[in-house]
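Me: I am new to this structure and would like to learn how to read a few of its features. Could we go through them one at a time?

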Amino acid sequence: MKIRKHQIMLLVAERGLTKAALAELCGISRQNLSTLLLRGTCAPATAGKLAKGLGVPVAEIVKED
């Protein structure tokens, strides 16, 4: 899935989180988080973890095709 990197970083900033703290909240490694933000894509399950960690619906952080 393609993710909205800018939206994710805005949510991180609004919550005062670091990337390491976000990775911990999402249950993924910091390296995995950095990679998916760099690529702009991730697996659907990972998008779900990211959204849950940020407290938003998945639709808010993924791009529609």
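Reply: Let us begin with charge, where Lys and Arg count as positive and Asp and Glu as negative. Please keep in mind that this is a predicted model.

Me: Which residues gather in a patch of positive charge on the surface?

Reply: The patch brings together Lys 2, Arg 4, Lys 5 and Lys 63. Of these, Lys 2 lies in the segment that comes before α1 (5–15), and it counts as partly exposed because its relative accessibility is 47%, a value that falls between the 20% limit for buried and the 50% limit for exposed.

Me: How many disulfides does a search of the whole structure find?

Reply: A disulfide is a covalent bond between the sulfur atoms of two cysteines. Here the search of the whole structure finds zero disulfides. Cys 26 is in none, and the nearest cysteine sulfur, which belongs to Cys 42, is 10 Å away.

Me: Are Cys 26 and Cys 42 buried or exposed?

Reply: Buried means under 20% relative accessible area, so Cys 26 counts as buried at 7%, and Cys 42 counts as buried at 11%.

Me: Where is Asn 32 placed, and how far apart in space are Asn 32 and Thr 46?

Reply: Asn 32 sits in helix α3 (residues 30–39) and is partly exposed, with a relative accessible area of 33%. Between Asn 32 and Thr 46 there is a separation of 14 residues in sequence, while their C-alpha atoms are 9.6 Å apart in space.

Key. Residues are numbered from 1 along each chain as its sequence is written. This is a predicted model: local features need pLDDT of at least 70, side-chain atom pairs count only at pLDDT 80 or more; totals for chains, interfaces and linings use all residues. Side-chain values use heavy atoms; hydrogens and water are left out. A disulfide is a pair of cysteine sulfur atoms within 2.5 Å. Buried means under 20% relative accessible area, exposed over 50%, partly exposed in between (1.4 Å probe, protein chains only). Patches are made of residues with over 30% relative accessible area and no salt bridge: like charges are joined within 9 Å, nonpolar side chains (Val, Leu, Ile, Met, Phe, Trp, Tyr) within 5 Å. Accessible areas come from the Shrake-Rupley method with a 1.4 Å probe; for residues, only the protein chains shown count as cover. A salt bridge is a side-chain nitrogen of Lys or Arg within 4 Å of a carboxyl oxygen of Asp or Glu. The place of a charge is taken as NZ of Lys, CZ of Arg, CG of Asp or CD of Glu. Helices (H or I, at least four residues) and strands (E, at least two) are DSSP runs, numbered from the N terminus.
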